[in-house]
Amino acid sequence: MLRINDILDKAQAYLAAEELEMIQKAYIYSATVHQGQVRLSGEPYLTHPMEVAGVLVDMKMDSATIISGLLHDTIEDTLTTKEQIEQEFGKDVAFLVSGLTKLSRISFGSQEERQAENFRKMILAMSADIRILLVRLADRIHNMRTLQYQTLDRRIYIARETMDVYAPLANRLGINWMKMELEDLAFQHVSPDAFKEIATRVDKSQESRNRYTEEVKTIILKELEKLFIQGEVEGRAKHLYGIYKKMHEQHINFDEVYDVIAFRIILDSDIDKTCYEALSIVHALCKPVPGRFKDYIAMPKANNYQSLHTAVIGPYGERVEIQIRTRAMHEWAEKGIAAHWRYKEGRAFQDNEDNQIKKLREALEIQQDIKNPKEFMSNLKMALFPDEVYVFTPHGDVKSFPKGATPIDFAYSIHTDVGNKCTGAKVNRNIVPLRYQLQNGDRVEIITQAGHHPSKDWLKYVVTSRAISKIRNWINLEEKNSSLTLGKDLLEKEFKRNNLKFATYIKSYEIKKVMTEHSLLTLDDLISQVGYGRISPRQVVNHFLVADAPKDAEKLQEKEKKKPSASPSLGISLTGIDDVMVKFAKCCNPIPGDEISGYISRGRGITVHTQTCPHLKRLDAERIVDVNWDVRQKHAYPVHVKVVCNDRKGVITEVSSVITSFDINISFAQVETTDMIANCLFVIDVYDTQQLNSIFSAIRQLKIVRSIERIRKA
């Protein structure tokens, strides 16, 4: 267990004596209020805030941040109030601790809604002080290090959340060590078999890898010394998730990952020019691999990362990845925002730090207007994964966009009106389709037309959260107006059918009961819900039918209640919706065990998608409803599978025999061969994800198999 003296010993290297006294005071306070509380591991709860403070002091954070790490759970998990924290430790610490307190005392409809609101609060607080995010990351690091004490479901849920949100947040702040550790810790729980296999392979090759690393380092250092360039060369294995990601994306096995070892040349000079001189030495020494050079010094990444990346042919004919940077660049690459924190009052960020925080805030704050929790979390994840391209405006300014961005994304980055009125684009003076994917170095010019409006089809090929949000807002507004008109028409017809006057009853007190029953605030909301198809006109009219009048209507209602809905036969239960047609989306083919959502289609019932389906993310969030699996009878569901193998005779028969050994039907099988690799495509009928995972595990045991994945139908 970390001791307070360990924290104070590290902190005294850069903090004043009075600040150390306040840290000691916070330790005693935390120990007192958490007394008697234990963690799932059985350890005293105090071990957690101590470890969080330990991470923060290693990052050389200021005293208020370290104190907040010691106190971050006091308001949430003890009887301590914000006012008491302020009285003991000042406004700065009270604000940080308050910003870190989760919304655990508020009731939410779902875990996803709670998660979205927690992140929403964190983003709001971060806008005022970035240190809140740094403490939250330190908190997550220790929770991930002790995740083994959670139940299996909680482990997987927390690990996925870490992979989706916290690791990308650390990356956006430039804290590389934290990003890598969070990814590896999450990977261990999300894909335990793959983690164990790669970890074993890396450990086995460690001895030969160390010899090779020393040999390459010696060669590079000798060449640098000849031209009097001072610095050091590092060589270390990639983190495990980085290796897995490359294997998965490129469909290669472990032995084919050429950059398991990444070399870094860290120069003592602070002059950018020296990096280019070192690059020329490396390219003179080893033949460069075409198309593998990236200049992040001239064009830094979104998180302000700077370095030169190149791949060369090494001493034994193998590819070697080399990064070249100054020591200042290296410090930023590893520690990010925390590398240049100002510890004293009146601290001021350097321009690059200020711009980095501004970029992150802009990327996250745009999510604040999104009400639907699923849409909020989806957009938040997209905002945190910038694999970037750099393009130029007509005036020569550089703009960065996520890979895959289109001229529409560019247009919305200028102004909402420019995006809404966009009719075309010129790239490098040539007219291109709006779905054209921007490339590095493109010069982009937007063509607009007054009175033009966004198209729903745009959502299929925009990638920035700003563009998606603005297009959805416009479409939602238009569809709400349409749903109001349609809903009013449907209600008037239903009221008339029952000899009731819509205009009279819609103003009555009874209508408020209808709104309350459906958790709606305004009459327009009720009419819109009818127009969307979420509430039937009959449900509304039934509130106004007198009890002794149409007995037939009551009988009909009873009949309808008894009538089995179509849903359970498909293994789906719908929250608050009965007797509705259900079908499964062919774009993602959900199966029991997948996390799912339903999309209301006017006149076509509900279409069920997986929650990770990219098509679902582009649909109107107002029509997305909660659905759950309710499998009472076994059903077979089609799944599209791709198995990448070494090409040899009978490969498809070998894989098929493993599948059929599970008594599984194969409705489609096809093999495509290129460069001694066989891509085997199957459509198989399975009962649930558990059975599918068992089949995958068995197929992976085949020596010919390089990778296997479940794919979406195009």
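What we have is a predicted model, in which local features need pLDDT of at least 70 and side-chain atom pairs count only at pLDDT 80 or more, while totals for chains, interfaces and linings use all residues. Residues are numbered from 1 along each chain as its sequence is written, and side-chain values use heavy atoms, with hydrogens and water left out.

Let me start with the charges. A search of the whole structure finds 18 salt bridges, a salt bridge being a side-chain nitrogen of Lys or Arg within 4 Å of a carboxyl oxygen of Asp or Glu. One of them joins the side chains of K10 and D58, at 2.8 Å from N to O. K10 lies in helix α1 (residues 4-11) and D58 in helix α3 (residues 47-58), so this pair ties together parts that are 48 residues apart in sequence. Helices here are DSSP runs of H or I with at least four residues, strands are runs of E with at least two, and both are numbered from the N terminus. K10 is partly exposed, with a relative accessible area of 42%, and D58 is partly exposed as well, at 46%; by these terms, buried means under 20% relative accessible area, exposed over 50%, and partly exposed in between, using a 1.4 Å probe and protein chains only.

Within it, D62 is buried at 4% and R131 is buried at 1%, whereas D92 counts as partly exposed at 32%.

Turning to the strands, β4 (residues 308-313) is mostly covered, with five of its six residues buried. Two strands pair if DSSP finds at least two bridges between them. Two bridges join β4 to strand β3 (residues 294-295), and the two run antiparallel, with K294 opposite H309 in β4. Six bridges join β4 to strand β5 (residues 319-326), again antiparallel, and here V312 stands opposite V320 in β5. Helix α19 (residues 407-414) has six of its eight residues buried, so it is largely enclosed by the rest of the structure.

Finally, the aromatic rings. The structure holds 11 aromatic pairs, where rings of Phe, Tyr and Trp (its six-membered ring) pair if their centres lie within 6.5 Å, and planes under 30 degrees apart count as stacked, over 60 as edge-to-face and the rest as tilted. The rings of F187 and Y244 have centres 4.7 Å apart and planes at 35 degrees, so this pair is tilted. F187 is in helix α11 (residues 176-190) and Y244 in helix α14 (residues 240-250), 57 residues apart. F187 is buried, at 1%, while Y244 counts as partly exposed, at 24%. Both rings belong to one aromatic cluster formed by F187, F195, Y241 and Y244.
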